[in-house]
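Open your viewer and keep the selection panel at hand. This tour goes stop by stop, saying what to select and what is there.

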There are 2 protein chains.
Amino acid sequence: MNLPTVYGMAISGNCYKIQLLMALLDRPYRWVEVDSAHGGTRTQEFLARNPVGKVPVLELEDGRTLAESNAILCFLAEDSRYLPEDRWQRAQVLQWLFFEQYSHEPYIAVARFICLMLDQDHPRRSELPRLLERGHQALAILEQQLANRPYLVGSTPSVADIALFAYTHVADDGGFDLSPYAAVRDWLARVRGIPGFVPLGA
Amino acid sequence: MNLPTVYGMAISGNCYKIQLLMALLDRPYRWVEVDSAHGGTRTQEFLARNPVGKVPVLELEDGRTLAESNAILCFLAEDSRYLPEDRWQRAQVLQWLFFEQYSHEPYIAVARFICLMLDQDHPRRSELPRLLERGHQALAILEQQLANRPYLVGSTPSVADIALFAYTHVADDGGFDLSPYAAVRDWLARVRGIPGFVPLGA
C-alpha cells in the first residue's frame, strides 16, 4: 500500500505535531526516523527533500515534499475539524501558528534541546536565562488566551492547539515550571483527552 | 467611511508586507503609526489589540484584531490572486511563510534592526557575525528556489513573495551583500515591477 511518508525525529516536538494530527485524523502513514543530531538532515538525499535541512518533511505518495511543521499541519488538516472553515477563525489559527514558530518554539524548544542534548558544561547553556525569560513571556500569553476558553480558537481543538501543545507539554524538559499556569495545565489535560491522542515518543 | 486599520511602524518590513499587499489589491485602509521604539506597543491600549506587543496588527471595521504579519497576509489575500486556490500550492505558500518567520526574518531583519537602530558600541552588535551567517544560509535557499522559477510558488506572485521580499530587499541595511544572489536580485526586480507596487516607507 502506497502511503505518505513523514521524515522526522521521535524526540522532536515539531515532528510530534504531525504524528499527533495523523493519529487524531486516524490517517495511515509511514514514519522514517532521521538522526538529525548525527548529520541525517545534511545528506544530499535529505536536502533534496528539504533544502533547509530540517525535519519534519512530509512526502506524498507521488514524491512531492512539504517542509515546515505548521505548514504540514494546515495541509493535512484541510477539510477536517482541525482547520476551521470560517475565514476569521482560520486567520486566528494561523496567527497562533506563527506565534508558535516566532515567539514560543525558539525559546521553549531550544531550552529543551540545550538541557536534553548538550553537555552540562556546553557554552550554549549560557543562553538559558534569556530563553527562560522569553519562554515565560510566551507561556503568559497562552495563559491569558486560555483563561476563559477551552481551546486557542473557537470551542473545539484545531491545529493551533496541536502546534502549541507539542512543546508546551514538555516545557519542563527545558526548565520551565508550569505550576503558575493553571489555564495552560487544564488545556494540556484537555488536549490529552481528545479521542485518538498519542503521547510524544509513542 | 469605515475602513480596516493597520497599526504599524513605517520602517518595519513586517508592517510593510501589509502595506504592499493592500496596495497590490488596491484596498483602502487606515494606517496608525505606532512608535514601538518608545513604548508604543507596550501601552494597555495596544496590548488589548495584541497581547504579544508587536506590530503589525490589523483591526477590522467591527473592532476584531489580528496579529502576526504572515497571518494577516493570508487573511487579506483569501479569494485573491495572491493566495493560490490549489491546495498544494497553498501549502507551499505556507511553507515559505513559516520559513520566512523562522529561518529568514530572525537573522536578516534582526541584523538590520541592530545596524539601523542601535549605537555603534551597543553590545548586541556582537550578534552580527552569527546573524550574517544564518541570514546568508536563508538567502542561499531563496537563490536555489528562484534559480529556475519566476516566483517562489507557481508562475505568479503570491503572499510568499510579498513576505520574503519585505526584508530581503533591504538586507543590505543589515550588512548583507546581495551581489552573489543573481536569481534573488532578478526576483526582487520582478516584484518591484508588479502593477501597484509601493516601496517601503512610502
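Contact here means heavy atoms within 4.5 Å. This is a predicted model, in which local features need pLDDT of at least 70 and side-chain atom pairs count only at pLDDT 80 or more, while totals for chains, interfaces and linings use all residues. Residues are numbered from 1 along each chain as its sequence is written, chains are lettered from A and ligands numbered from 1 in the order in which they are written, and side-chain values use heavy atoms, with hydrogens and water left out.

**Stop 1: the two chains together**

Colour chain A and chain B separately. How many residues does the contact take from each chain? Chain A gives 33 residues and chain B gives 32 residues.

The next value is a buried area: the accessible area (1.4 Å probe) that two parts lose on being put together, summed over both. The size of an interface is often given this way. Chain A and chain B bury about 3200 Å² between them. Carbon and sulfur atoms carry 65% of that area. Now select A:W88, A:F98 and A:Y102. In chain A, these three lose the most area to chain B, together 26% of what that side buries.

Look next for charged pairs. A salt bridge is a side-chain nitrogen of Lys or Arg within 4 Å of a carboxyl oxygen of Asp or Glu. Side chains of opposite charge can pair when their charged atoms come close. Between chain A and chain B the count is two salt bridges. Select B:R90 and A:E78 to see a salt bridge whose closest N and O atoms are 2.6 Å apart.

Polar contacts come next. Each is a pair of N or O atoms within 3.5 Å; within protein, one must be able to donate a hydrogen and the other to accept it, and residues adjacent in sequence count only if both atoms are side-chain atoms. Across the interface of chain A and chain B, 10 residue pairs are in polar contact, both residues at pLDDT 80 or more.

Helices (H or I, at least four residues) and strands (E, at least two) are DSSP runs, numbered from the N terminus. On the side of chain A that touches chain B, β4 (65–67), α3, α4 (87–117) and α5 (128–146) of chain A each supply at least two residues. The largest share, 15 residues, comes from α4(A). By class, that side has 18 nonpolar, seven polar and eight charged residues. Here Ala, Val, Leu, Ile, Met, Phe, Trp, Tyr, Cys and Pro count as nonpolar, Asp, Glu, Lys and Arg as charged, and the others, Gly among them, as polar.

**Stop 2: two domains in chain A**

Domain bounds come from an automatic or database domain assignment. For chain A it gives domain 1 (5–77) and domain 2 (87–192). Their C-alpha centres lie 21 Å apart. In contact are 15 residues of domain 1 of chain A and 15 residues of domain 2 of chain A. The two domains bury about 1200 Å² between them, 70% of it on carbon and sulfur atoms. Select A:I11, A:K17 and A:N70. In domain 1 of chain A, they lose the most area to domain 2, together 34% of what that side buries.

Which residue forms a salt bridge with A:K17? The partner is A:E100, with the closest N and O atoms 2.9 Å apart. On the domain 1 side, α1 (13–24) and α3 (69–77) of chain A give two or more residues. The most come from α1(A), with seven residues.

**Stop 3: a pair inside chain A**

Over all chains, the whole structure has 14 salt bridges. Select A:R49 and A:E59, a salt bridge with its closest N and O atoms 2.7 Å apart. A:R49 lies in helix α2 (residues 44–49) and A:E59 in strand β3 (residues 57–59) of chain A, so the pair ties together parts that are 10 residues apart in sequence.

**Stop 4: backbone details**

Most residues other than glycine have a negative phi, and most peptide bonds are trans. Select A:V55 and A:P56: a cis peptide bond joins them, with omega about 0 degrees. A:P56 is in the loop between α2 and β3 of chain A. The peptide bond from B:V55 to B:P56 is cis, with omega near 0 degrees.

Finish at B:D26. Its phi is near 55 degrees, a positive value in a residue other than glycine. B:D26 lies in the loop between α1 (13–24) and β2 (30–33) of chain B.
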